[in-house]
Amino acid sequence: MAGELIFGDQEGLRISLVWLPAPEGSVPGPVQETWGSLALSIGEKIIWGDDAPVDEQVEWNWIDFLEFMIAAWPYLSYEETYPISFPIEGDPYEEDPPHPGHLRVKVEQSWDTIPEDQSIDEDEALRDFEVVHDLAEGFWGAWVPSVTLLRQGKEMWVGTDDEEWRLPFIKVMTTLEQFADAIAQRVEKLTDGRSRSAVERWRRHHVIEAKQRLRIAAGMTESRVTALWPASEMAREMANDNVTDTKFDASELAVAARMMDGVMADGDVAMLLRYIAETPHVKTPALDALAARCDKELTKLGSVEPYVAGNSIAQWLRKELSYAEDAVLDPELMLSNWGVRLMDIELSGRRVDAVAAWGPGHGPVILVNKLGKRVSRPAGRRSSLAHELGHLLMDRRRRLPAAEVLGGRVNHAIEARANGFAAELILPVAVVRTTFIQRFGDRPDDMPPSDLEDYMRSLSERYGASFEVVSWRIGHAGVLGRQHGHLLNKYQKSINDRID
């Protein structure tokens, strides 16, 4: 189309724009100057504009969208969590929303079962989130389908009513920035107050002050950030206040603080941030090379269930390192050999088992809470360290580039994948199948419960796995018939807790 401007590419977020004469009778100024027709697509899916249903054609003034981008830019850059946590003990939620486009639907499902004041507070929190994460909020007085964006490390998670995508974060932000630049150029010569204000603010959209960056990235109030942050780290952050930042990278401390918020006392948070701040960055070339190869394996796996993907990567790792299928592995020794620092600490609570940081400024380091509900036992410590090893391999180049808190506010799919990795690394399901058949044959119809428990104990002692892990591994191996499946129930505390 003549005069068409294209932002983005065919594989990811793509915006096409044609400037048009404003409707007859429109007032000269930014509305008239930025009138145009737009199409927005992701891959082959057209969400707004050409070839969409007639009532979804997008012909509008784009000064509105520029002002939306000015307000939204810091949040699209640094905010990585929903405004409401899923789940917290006592809450009615069973799991995370499947993607950002379903956030409101998921939250509203509970409103008939919770106090009205709570539902009002949640609605306000959702609105505050939507006005800076839903691109449809860039239209004042018009309706278009929602396109909700939420950063996840090096990916941008995009959701509509019926579909989701994980796109390269930098590419999405670059596309949006180029589109906003084009709008700003249309009005930069206008002299009205609205145009001048929008242009001036957009010119400084990369300059985000330290306390605002940390407040958004950590999900905390500015006063709590000030109270909890190590002085040296705050000074370093503030030294960059007037520097244009195009990296969008939150610090290891900010990411860890976000995952700790609401699950541990402020005193513990401050202590952990201080430990991370005092840990220098060290090079881990062997681990980095292995993580790069792991990333290619994840790409080959495609869209499989997270727990299954974790299992597959653990199997790949054994082969990559030339370990026998039935070899007993020591995650702590593996981490140490790769240069990952381990520190035992004591927190006041038991919910968080470990905090790991591995960004460009600090670490990699794993801080192990000796009083944690899992790591206080040897089998739980092995599983927890295997879990963190899984993150170091699978997530540093994708959704967790800086830190992770085991027992904190972390996306369930990411945790399920690391759990799958840990379980398979410690006790391969193929070993369970082989040893089970050797012991009980193909049809253990008459197996008494005591024999099963003896078998589980033998696996637990050899592989250093808890009965919880062993029971899940037997279940995944598919060696028990329905008449015996109930025998595992007493060992399986929770469907979401597979590495106790």
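## Close-up views of a predicted model

View 1. Helices (H or I, at least four residues) and strands (E, at least two) are DSSP runs, numbered from the N terminus. This is a predicted model, in which local features need pLDDT of at least 70 and side-chain atom pairs count only at pLDDT 80 or more, while totals for chains, interfaces and linings use all residues. Residues are numbered from 1 along each chain as its sequence is written, and side-chain values use heavy atoms, with hydrogens and water left out.

**View 2. Four strands form an open sheet with mixed pairing.** The order of the strands is S9-S11-S10-S12, and the edge strands, S9 (341-345) and S12 (403-406), each pair on one side only; two strands pair if DSSP finds at least two bridges between them. Neighbouring strands of this sheet are turned by 15° against each other on average, direction ignored. S9 and S11 run parallel and are joined by five bridges, and leucine 342 stands opposite isoleucine 366 in S11.

**View 3. A cis peptide bond joins glycine 363 and proline 364.** The omega angle of this bond is about 10°, and proline 364 is found in the loop between strand S10 (354-357) and strand S11 (365-369).

View 4. Leu452, Tyr455, Met456, Leu459, Ser460 and Tyr463 of H18 are buried, where buried means under 20% relative accessible area, exposed over 50%, and partly exposed in between (1.4 Å probe, protein chains only). After H18 comes glycine 464, whose phi is positive, near 65°.

**View 5. Glutamate 80 meets arginine 151 in a salt bridge.** A salt bridge is a side-chain nitrogen of Lys or Arg within 4 Å of a carboxyl oxygen of Asp or Glu, and the N to O distance for this pair is 3.9 Å. Glutamate 80 lies in the loop between helix H2 (63-78) and helix H3 (103-108) and arginine 151 in strand S6 (residues 148-152), so the pair ties together parts that are 71 residues apart in sequence. Glutamate 80 also forms a salt bridge with arginine 258 (3.7 Å, N to O). Because arginine 258 lies in helix H10 (residues 252-260), this pair ties together parts that are 178 residues apart in sequence. Both glutamate 80 and arginine 258 are buried, and arginine 151 is buried too.

**View 6. Serine 322 has a positive phi although it is not a glycine.** The phi of serine 322 is about 60°, and serine 322 lies in the loop between helix H13 (306-320) and helix H14 (331-337). At 65% relative accessibility, serine 322 counts as exposed.

Key
Axes fitted to C-alpha atoms, helices over the stretch in contact; angles between N-to-C directions.
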